[in-house]
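Here are my notes on this model, as numbered points. Please read them with the structure open.

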Amino acid sequence: MKAPRSPRTVDSVREASSSPDAIIQLHGVAKRFANAAGEFTVLKSVDLTIKRGEFVSIVGKSGSGKSTLLNMVTGIDHPSEGQVIVNGKDIYTGVTESQRSNWRGKNLGIVFQFFQLLPMLTLLENVMLPMDYVDMYGFDERPERAMELLKLVGLEKFANKLPILVSTGQQQLAAIARAMACDPPLLIADEPTGNLDTKSADTIIGLFEHFVSQGKTIVMVTHDPSLTSRTHRNIIISDGELIDETIARSLPQLRHRHMLEFTKLVEERTYQPHETIISRNEPADYFFMIRSGEVEVILQSKKKNENIVSRLGDGEFFGEMELLKGGKSIANVRAGKKPVEVLALPRADFVRVMNESPITAEAVAKIVQKRLEAHRIPDYRSR
Ligand SMILES: Nc1ncnc2c1ncn2[C@@H]1O[C@H](COP(=O)(O)OP(=O)(O)OP(=O)(O)O)[C@@H](O)[C@H]1O
Ligand SMILES: [Mg+2]
(Lines give C-alpha, C1' and ligand atoms only; values in the text may rest on other atoms or scores of the structure.)
(Ligands and ions follow the chains in the order given, each with its own letter.)
Protein backbone atom coordinates (compact mmCIF):
# COMPACT_ATOMS: atom_id res chain seq x y z
CA MET A 1 0.00 0.00 0.00
CA LYS A 2 1.25 3.50 -0.75
CA ALA A 3 2.24 5.63 2.23
CA PRO A 4 -0.14 8.52 2.87
CA ARG A 5 1.22 11.87 1.72
CA SER A 6 0.15 13.84 4.76
CA PRO A 7 -2.11 13.54 7.80
CA ARG A 8 -4.69 15.61 5.93
CA THR A 9 -4.85 12.96 3.17
CA VAL A 10 -5.42 10.22 5.72
CA ASP A 11 -8.27 12.13 7.36
CA SER A 12 -9.79 13.01 4.03
CA VAL A 13 -9.76 9.47 2.73
CA ARG A 14 -11.33 8.26 5.92
CA GLU A 15 -14.01 10.92 5.60
CA ALA A 16 -14.56 9.95 1.99
CA SER A 17 -15.29 6.38 2.90
CA SER A 18 -17.59 7.45 5.72
CA SER A 19 -19.82 9.58 3.45
CA PRO A 20 -21.37 7.18 0.94
CA ASP A 21 -24.09 9.68 0.12
CA ALA A 22 -21.56 12.29 -1.06
CA ILE A 23 -21.01 12.50 -4.81
CA ILE A 24 -18.45 15.32 -4.68
CA GLN A 25 -15.89 15.89 -1.95
CA LEU A 26 -13.20 18.54 -2.05
CA HIS A 27 -10.64 18.53 0.74
CA GLY A 28 -8.25 21.46 1.06
CA VAL A 29 -8.33 22.19 -2.66
CA ALA A 30 -6.07 25.08 -3.65
CA LYS A 31 -5.35 26.35 -7.16
CA ARG A 32 -2.55 28.71 -8.08
CA PHE A 33 -1.76 30.15 -11.48
CA ALA A 34 1.47 31.76 -12.55
CA ASN A 35 1.67 34.86 -14.71
CA ALA A 36 4.35 37.46 -15.54
CA ALA A 37 3.85 39.12 -12.13
CA GLY A 38 4.34 35.84 -10.28
CA GLU A 39 2.06 33.25 -8.77
CA PHE A 40 -1.47 34.06 -7.65
CA THR A 41 -4.00 32.00 -5.76
CA VAL A 42 -7.43 31.50 -7.27
CA LEU A 43 -8.79 28.85 -4.86
CA LYS A 44 -7.70 28.86 -1.23
CA SER A 45 -8.08 25.53 0.54
CA VAL A 46 -11.67 24.78 -0.41
CA ASP A 47 -13.59 22.09 1.48
CA LEU A 48 -16.92 21.11 -0.02
CA THR A 49 -19.28 18.14 0.08
CA ILE A 50 -22.21 17.72 -2.29
CA LYS A 51 -24.64 14.89 -1.75
CA ARG A 52 -26.21 12.65 -4.36
CA GLY A 53 -29.46 14.06 -5.67
CA GLU A 54 -28.70 17.66 -4.70
CA PHE A 55 -29.36 20.56 -7.06
CA VAL A 56 -26.68 23.12 -6.20
CA SER A 57 -26.05 26.58 -7.57
CA ILE A 58 -22.74 28.40 -7.28
CA VAL A 59 -22.59 32.18 -7.43
CA GLY A 60 -19.86 34.77 -7.01
CA LYS A 61 -18.45 37.86 -8.65
CA SER A 62 -16.63 37.61 -11.95
CA GLY A 63 -13.13 36.26 -11.33
CA SER A 64 -14.00 34.83 -7.89
CA GLY A 65 -13.03 31.31 -9.03
CA LYS A 66 -16.35 29.66 -10.00
CA SER A 67 -15.19 28.13 -13.27
CA THR A 68 -11.87 27.14 -11.71
CA LEU A 69 -13.78 25.33 -8.97
CA LEU A 70 -15.89 23.44 -11.53
CA ASN A 71 -12.74 22.55 -13.46
CA MET A 72 -11.38 20.88 -10.33
CA VAL A 73 -14.48 18.67 -10.19
CA THR A 74 -14.56 17.81 -13.89
CA GLY A 75 -10.85 17.11 -14.09
CA ILE A 76 -10.50 19.65 -16.90
CA ASP A 77 -7.79 21.29 -14.77
CA HIS A 78 -5.94 19.94 -11.73
CA PRO A 79 -5.57 21.36 -8.22
CA SER A 80 -2.22 22.66 -6.92
CA GLU A 81 -3.07 21.05 -3.57
CA GLY A 82 -5.77 18.94 -2.01
CA GLN A 83 -7.97 16.04 -2.92
CA VAL A 84 -11.05 15.72 -5.14
CA ILE A 85 -13.32 12.69 -4.90
CA VAL A 86 -16.11 12.41 -7.43
CA ASN A 87 -18.56 9.52 -7.47
CA GLY A 88 -16.31 7.55 -5.12
CA LYS A 89 -13.08 8.09 -7.09
CA ASP A 90 -10.06 10.19 -6.16
CA ILE A 91 -9.70 11.68 -9.62
CA TYR A 92 -6.15 13.03 -9.36
CA THR A 93 -4.27 10.29 -7.52
CA GLY A 94 -2.67 7.65 -9.71
CA VAL A 95 -4.85 8.49 -12.71
CA THR A 96 -3.45 9.44 -16.12
CA GLU A 97 -4.93 12.21 -18.24
CA SER A 98 -6.45 9.74 -20.67
CA GLN A 99 -7.93 7.57 -17.89
CA ARG A 100 -9.44 10.74 -16.41
CA SER A 101 -10.88 11.71 -19.76
CA ASN A 102 -12.50 8.30 -20.19
CA TRP A 103 -13.80 8.39 -16.62
CA ARG A 104 -15.23 11.87 -17.26
CA GLY A 105 -17.10 10.64 -20.33
CA LYS A 106 -18.89 7.99 -18.30
CA ASN A 107 -19.45 9.86 -15.05
CA LEU A 108 -20.07 13.49 -15.88
CA GLY A 109 -22.19 15.56 -18.17
CA ILE A 110 -20.76 19.02 -18.78
CA VAL A 111 -22.60 22.06 -20.14
CA PHE A 112 -21.03 25.45 -20.87
CA GLN A 113 -22.41 28.91 -21.53
CA PHE A 114 -21.51 28.66 -25.22
CA PHE A 115 -22.92 25.36 -26.28
CA GLN A 116 -19.89 23.99 -28.10
CA LEU A 117 -21.87 21.75 -30.44
CA LEU A 118 -19.85 20.62 -33.42
CA PRO A 119 -21.17 22.83 -36.25
CA MET A 120 -20.82 20.31 -39.07
CA LEU A 121 -22.72 17.55 -37.28
CA THR A 122 -26.53 17.37 -36.95
CA LEU A 123 -28.08 17.61 -33.49
CA LEU A 124 -28.58 13.83 -33.48
CA GLU A 125 -24.95 13.23 -34.40
CA ASN A 126 -23.82 15.69 -31.73
CA VAL A 127 -25.78 13.78 -29.09
CA MET A 128 -24.32 10.45 -30.27
CA LEU A 129 -20.75 11.73 -30.03
CA PRO A 130 -20.10 11.01 -26.31
CA MET A 131 -21.47 7.46 -26.69
CA ASP A 132 -19.02 6.88 -29.53
CA TYR A 133 -16.21 8.46 -27.54
CA VAL A 134 -16.47 6.20 -24.49
CA ASP A 135 -17.93 3.32 -26.50
CA MET A 136 -21.12 3.04 -24.50
CA TYR A 137 -24.29 1.32 -25.76
CA GLY A 138 -24.33 -0.94 -28.82
CA PHE A 139 -23.47 0.76 -32.09
CA ASP A 140 -27.03 0.28 -33.41
CA GLU A 141 -28.65 1.46 -30.20
CA ARG A 142 -26.97 4.86 -30.23
CA PRO A 143 -29.18 6.71 -32.76
CA GLU A 144 -32.29 5.52 -30.96
CA ARG A 145 -30.98 6.60 -27.58
CA ALA A 146 -29.90 9.99 -28.97
CA MET A 147 -33.37 10.44 -30.44
CA GLU A 148 -34.98 9.67 -27.06
CA LEU A 149 -32.83 12.35 -25.45
CA LEU A 150 -33.74 14.87 -28.14
CA LYS A 151 -37.40 14.01 -27.54
CA LEU A 152 -36.94 14.58 -23.83
CA VAL A 153 -35.64 18.10 -24.49
CA GLY A 154 -38.33 18.73 -27.14
CA LEU A 155 -36.07 18.70 -30.19
CA GLU A 156 -37.03 15.51 -32.02
CA LYS A 157 -38.26 17.48 -35.03
CA PHE A 158 -34.86 19.12 -35.37
CA ALA A 159 -32.76 15.96 -34.99
CA ASN A 160 -31.36 16.14 -38.50
CA LYS A 161 -30.67 19.87 -38.55
CA LEU A 162 -27.29 21.48 -38.13
CA PRO A 163 -26.88 23.56 -34.94
CA ILE A 164 -26.81 26.85 -36.84
CA LEU A 165 -30.36 26.24 -38.09
CA VAL A 166 -31.94 26.20 -34.62
CA SER A 167 -32.25 28.95 -31.98
CA THR A 168 -29.63 29.50 -29.27
CA GLY A 169 -32.04 28.13 -26.65
CA GLN A 170 -32.50 24.99 -28.74
CA GLN A 171 -28.74 24.65 -29.20
CA GLN A 172 -28.32 24.68 -25.44
CA LEU A 173 -31.08 22.04 -25.07
CA ALA A 174 -29.20 19.87 -27.58
CA ALA A 175 -25.97 20.43 -25.62
CA ILE A 176 -27.77 19.24 -22.48
CA ALA A 177 -29.09 16.17 -24.31
CA ARG A 178 -25.50 15.50 -25.38
CA ALA A 179 -24.24 15.94 -21.79
CA MET A 180 -26.75 13.31 -20.63
CA ALA A 181 -25.97 10.91 -23.51
CA CYS A 182 -24.11 8.37 -21.35
CA ASP A 183 -26.57 8.70 -18.47
CA PRO A 184 -24.04 10.25 -16.01
CA PRO A 185 -25.06 10.59 -12.35
CA LEU A 186 -23.68 14.14 -12.25
CA LEU A 187 -24.23 17.18 -14.45
CA ILE A 188 -21.88 20.15 -14.17
CA ALA A 189 -23.05 23.36 -15.84
CA ASP A 190 -21.09 26.62 -16.10
CA GLU A 191 -23.55 29.49 -16.67
CA PRO A 192 -25.80 27.31 -18.82
CA THR A 193 -28.37 30.09 -19.24
CA GLY A 194 -25.91 32.98 -19.43
CA ASN A 195 -26.45 33.44 -23.13
CA LEU A 196 -30.21 32.84 -23.24
CA ASP A 197 -33.47 34.78 -22.96
CA THR A 198 -35.60 34.33 -19.83
CA LYS A 199 -38.01 31.87 -21.44
CA SER A 200 -35.26 29.55 -22.69
CA ALA A 201 -33.51 29.81 -19.33
CA ASP A 202 -36.73 28.77 -17.65
CA THR A 203 -37.08 25.73 -19.95
CA ILE A 204 -33.54 24.67 -19.11
CA ILE A 205 -34.01 24.95 -15.37
CA GLY A 206 -37.27 22.99 -15.72
CA LEU A 207 -35.30 20.28 -17.49
CA PHE A 208 -32.66 20.31 -14.73
CA GLU A 209 -35.42 19.94 -12.15
CA HIS A 210 -36.67 16.93 -14.09
CA PHE A 211 -33.20 15.33 -14.02
CA VAL A 212 -32.91 16.00 -10.27
CA SER A 213 -36.30 14.34 -9.71
CA GLN A 214 -34.82 11.29 -11.47
CA GLY A 215 -31.99 11.18 -8.91
CA LYS A 216 -29.27 13.08 -10.81
CA THR A 217 -27.01 15.57 -9.08
CA ILE A 218 -26.56 18.99 -10.69
CA VAL A 219 -24.02 21.67 -9.91
CA MET A 220 -24.59 24.90 -11.80
CA VAL A 221 -22.74 28.21 -11.82
CA THR A 222 -25.12 31.07 -12.48
CA HIS A 223 -25.42 34.84 -12.15
CA ASP A 224 -29.20 34.76 -12.13
CA PRO A 225 -30.87 35.07 -8.70
CA SER A 226 -34.19 33.84 -10.10
CA LEU A 227 -32.47 30.50 -10.78
CA THR A 228 -30.66 30.16 -7.46
CA SER A 229 -34.03 30.29 -5.72
CA ARG A 230 -34.94 27.04 -7.50
CA THR A 231 -31.96 25.01 -6.31
CA HIS A 232 -31.64 23.09 -3.01
CA ARG A 233 -28.42 24.80 -2.04
CA ASN A 234 -26.67 27.95 -3.04
CA ILE A 235 -22.92 28.20 -2.56
CA ILE A 236 -21.24 31.58 -2.68
CA ILE A 237 -17.59 31.91 -3.56
CA SER A 238 -15.71 35.08 -2.76
CA ASP A 239 -12.09 35.56 -3.80
CA GLY A 240 -11.48 31.83 -4.04
CA GLU A 241 -13.03 30.96 -0.68
CA LEU A 242 -16.44 29.49 0.12
CA ILE A 243 -18.84 31.44 2.29
CA ASP A 244 -20.54 29.55 5.09
CA GLU A 245 -24.00 28.64 3.79
CA THR A 246 -25.73 29.32 7.12
CA ILE A 247 -24.39 32.88 7.14
CA ALA A 248 -25.52 33.43 3.55
CA ARG A 249 -29.01 32.14 4.37
CA SER A 250 -29.31 34.15 7.58
CA LEU A 251 -28.05 37.48 6.23
CA PRO A 252 -28.57 37.34 2.44
CA GLN A 253 -28.24 41.10 1.95
CA LEU A 254 -24.71 41.21 3.29
CA ARG A 255 -21.85 41.92 0.92
CA HIS A 256 -19.83 38.83 0.01
CA ARG A 257 -16.72 40.25 1.63
CA HIS A 258 -18.55 40.67 4.94
CA MET A 259 -20.02 37.18 4.66
CA LEU A 260 -16.52 35.85 4.17
CA GLU A 261 -15.28 37.82 7.15
CA PHE A 262 -18.07 36.33 9.29
CA THR A 263 -17.24 32.86 7.94
CA LYS A 264 -13.78 33.20 9.47
CA LEU A 265 -14.97 34.74 12.74
CA VAL A 266 -17.87 32.51 13.76
CA GLU A 267 -17.62 29.75 16.28
CA GLU A 268 -19.67 26.58 15.76
CA ARG A 269 -21.58 25.38 18.81
CA THR A 270 -23.96 22.53 19.50
CA TYR A 271 -26.56 22.72 22.27
CA GLN A 272 -28.33 19.67 23.66
CA PRO A 273 -32.16 19.50 23.79
CA HIS A 274 -33.57 22.22 26.09
CA GLU A 275 -30.10 23.55 26.95
CA THR A 276 -30.00 27.30 27.62
CA ILE A 277 -28.27 29.37 24.93
CA ILE A 278 -29.07 32.88 26.15
CA SER A 279 -30.18 33.72 29.69
CA ARG A 280 -32.47 36.61 30.40
CA ASN A 281 -30.80 39.51 32.18
CA GLU A 282 -27.30 38.32 31.34
CA PRO A 283 -25.05 40.48 29.17
CA ALA A 284 -25.51 39.67 25.46
CA ASP A 285 -22.19 38.80 23.84
CA TYR A 286 -23.05 36.96 20.66
CA PHE A 287 -25.22 37.04 17.57
CA PHE A 288 -26.45 33.54 16.71
CA MET A 289 -27.36 31.95 13.38
CA ILE A 290 -29.07 28.57 13.29
CA ARG A 291 -27.42 25.91 11.16
CA SER A 292 -29.77 23.06 12.08
CA GLY A 293 -32.46 22.33 14.64
CA GLU A 294 -34.81 24.67 16.41
CA VAL A 295 -34.60 27.10 19.32
CA GLU A 296 -37.34 28.38 21.61
CA VAL A 297 -37.50 32.03 22.61
CA ILE A 298 -39.09 32.34 26.03
CA LEU A 299 -40.42 35.37 27.85
CA GLN A 300 -41.41 35.32 31.47
CA SER A 301 -44.75 36.83 32.38
CA LYS A 302 -45.16 39.00 35.48
CA LYS A 303 -46.43 35.90 37.26
CA LYS A 304 -43.19 34.16 36.29
CA ASN A 305 -44.97 31.83 33.87
CA GLU A 306 -42.88 30.73 30.91
CA ASN A 307 -44.22 31.79 27.59
CA ILE A 308 -42.66 30.45 24.37
CA VAL A 309 -43.04 33.42 22.05
CA SER A 310 -41.35 31.93 19.03
CA ARG A 311 -39.55 28.98 17.59
CA LEU A 312 -36.76 29.70 15.16
CA GLY A 313 -35.14 27.26 12.74
CA ASP A 314 -32.59 26.84 9.94
CA GLY A 315 -31.26 30.07 8.49
CA GLU A 316 -32.89 32.24 11.18
CA PHE A 317 -30.98 34.26 13.74
CA PHE A 318 -31.39 35.48 17.32
CA GLY A 319 -29.64 37.64 19.88
CA GLU A 320 -29.78 40.67 17.58
CA MET A 321 -32.14 42.86 19.63
CA GLU A 322 -29.84 43.01 22.58
CA LEU A 323 -26.76 43.53 20.45
CA LEU A 324 -28.18 46.35 18.39
CA LYS A 325 -29.45 48.18 21.43
CA GLY A 326 -26.74 47.07 23.82
CA GLY A 327 -27.40 45.71 27.26
CA LYS A 328 -28.88 42.59 28.68
CA SER A 329 -30.98 39.85 27.15
CA ILE A 330 -34.71 40.35 27.28
CA ALA A 331 -35.60 36.71 26.76
CA ASN A 332 -34.31 33.23 27.45
CA VAL A 333 -33.38 31.24 24.40
CA ARG A 334 -32.91 27.49 24.60
CA ALA A 335 -32.54 24.51 22.30
CA GLY A 336 -35.77 22.81 21.24
CA LYS A 337 -36.48 19.09 21.42
CA LYS A 338 -33.46 18.11 19.34
CA PRO A 339 -29.81 19.20 19.47
CA VAL A 340 -29.30 22.51 17.73
CA GLU A 341 -26.24 23.66 15.82
CA VAL A 342 -25.57 27.37 15.77
CA LEU A 343 -22.89 29.78 14.64
CA ALA A 344 -21.95 32.36 17.25
CA LEU A 345 -20.50 35.68 16.13
CA PRO A 346 -18.89 37.98 18.71
CA ARG A 347 -20.90 41.08 19.44
CA ALA A 348 -18.25 43.60 18.39
CA ASP A 349 -17.92 42.08 14.91
CA PHE A 350 -21.67 41.97 14.38
CA VAL A 351 -22.16 45.59 15.46
CA ARG A 352 -19.23 46.84 13.36
CA VAL A 353 -20.47 45.17 10.18
CA MET A 354 -24.07 46.34 10.79
CA ASN A 355 -22.71 49.88 10.99
CA GLU A 356 -20.97 49.41 7.65
CA SER A 357 -23.97 47.71 5.99
CA PRO A 358 -27.08 49.87 6.22
CA ILE A 359 -29.07 47.56 3.92
CA THR A 360 -28.45 44.52 6.11
CA ALA A 361 -29.01 46.51 9.29
CA GLU A 362 -32.37 47.63 7.89
CA ALA A 363 -33.34 44.07 6.92
CA VAL A 364 -32.41 42.82 10.41
CA ALA A 365 -34.38 45.68 12.00
CA LYS A 366 -37.45 44.76 9.93
CA ILE A 367 -37.31 41.15 11.10
CA VAL A 368 -36.94 42.33 14.69
CA GLN A 369 -39.93 44.63 14.28
CA LYS A 370 -42.03 41.79 12.86
CA ARG A 371 -41.12 39.54 15.75
CA LEU A 372 -42.01 42.22 18.27
CA GLU A 373 -45.37 42.81 16.61
CA ALA A 374 -46.15 39.13 16.10
CA HIS A 375 -45.68 38.39 19.77
CA ARG A 376 -46.76 41.76 21.13
CA ILE A 377 -43.54 41.93 23.05
CA PRO A 378 -43.53 45.23 24.89
CA ASP A 379 -40.97 47.59 23.41
CA TYR A 380 -37.86 46.58 25.27
CA ARG A 381 -36.34 50.03 24.90
CA SER A 382 -38.81 51.36 27.43
CA ARG A 383 -38.04 48.67 29.96
N1 LIG B 1 -5.72 29.02 -17.00
C2 LIG B 1 -5.56 30.14 -16.28
N3 LIG B 1 -4.36 30.76 -16.22
C4 LIG B 1 -4.19 31.87 -15.48
N5 LIG B 1 -5.19 32.47 -14.78
C6 LIG B 1 -6.40 31.92 -14.81
C7 LIG B 1 -6.67 30.73 -15.56
N8 LIG B 1 -7.97 30.40 -15.39
C9 LIG B 1 -8.50 31.34 -14.58
N10 LIG B 1 -7.56 32.26 -14.24
C11 LIG B 1 -7.77 33.42 -13.35
O12 LIG B 1 -8.36 32.94 -12.15
C13 LIG B 1 -9.34 33.85 -11.65
C14 LIG B 1 -10.66 33.15 -11.49
O15 LIG B 1 -11.14 32.76 -12.76
P16 LIG B 1 -12.49 31.99 -13.01
O17 LIG B 1 -12.61 31.80 -14.47
O18 LIG B 1 -12.52 30.78 -12.16
O19 LIG B 1 -13.55 33.05 -12.47
P20 LIG B 1 -15.15 33.00 -12.56
O21 LIG B 1 -15.64 33.17 -11.15
O22 LIG B 1 -15.58 31.81 -13.31
O23 LIG B 1 -15.47 34.34 -13.35
P24 LIG B 1 -16.62 34.65 -14.47
O25 LIG B 1 -17.87 34.97 -13.70
O26 LIG B 1 -16.08 35.86 -15.15
O27 LIG B 1 -16.75 33.46 -15.35
C28 LIG B 1 -9.36 35.00 -12.63
O29 LIG B 1 -8.55 36.02 -12.12
C30 LIG B 1 -8.79 34.39 -13.89
O31 LIG B 1 -8.16 35.39 -14.65
MG1 LIG C 1 -16.54 31.51 -15.12
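1. A definition comes first. Ala, Val, Leu, Ile, Met, Phe, Trp, Tyr, Cys and Pro count as nonpolar; Asp, Glu, Lys and Arg count as charged; the others, Gly among them, count as polar. On that scheme, the shell around ligand 1 has two nonpolar residues, seven polar and one charged. Keep in mind that this is a predicted model.

2. Now the shell by name. Ligand 1 is surrounded by F33, V42, G60, S62, G63, S64, G65, K66, S67 and T68. Which helix gives the most to this shell? Helix 2, residues 66-74, does, with three residues.

3. The chain splits into two domains. Domain 1 covers 48-76 + 93-242. Domain 2 covers 257-382. Between the centres of domain 1 and domain 2, taken over C-alpha atoms, lie 41 Å.

4. Look next at strand 14, residues 295-300. Strand 14 pairs with strand 15, residues 306-312, in the antiparallel sense. Six bridges make up that pairing. Within it, L299 has N307 of strand 15 as its bridge partner.

5. The hairpin of strand 14 and strand 15 deserves a check. Five residues sit between the strands. In this hairpin, K304 takes a positive phi near 70 degrees.

6. Strand 14 has another partner to inspect. How many bridges join strand 14 to strand 17? Four do, and the two strands run antiparallel. Strand 17 spans residues 332-335. Here V295 stands opposite A335 of strand 17.

Notes. Residues are numbered from 1 along each chain as its sequence is written. Chains are lettered from A and ligands numbered from 1 in the order in which they are written. This is a predicted model: local features need pLDDT of at least 70, side-chain atom pairs count only at pLDDT 80 or more; totals for chains, interfaces and linings use all residues. Domain bounds come from an automatic or database domain assignment. Two strands pair if DSSP finds at least two bridges between them. A residue is near a molecule or strand if its C-beta atom, placed from the backbone, lies within 6 Å of it.
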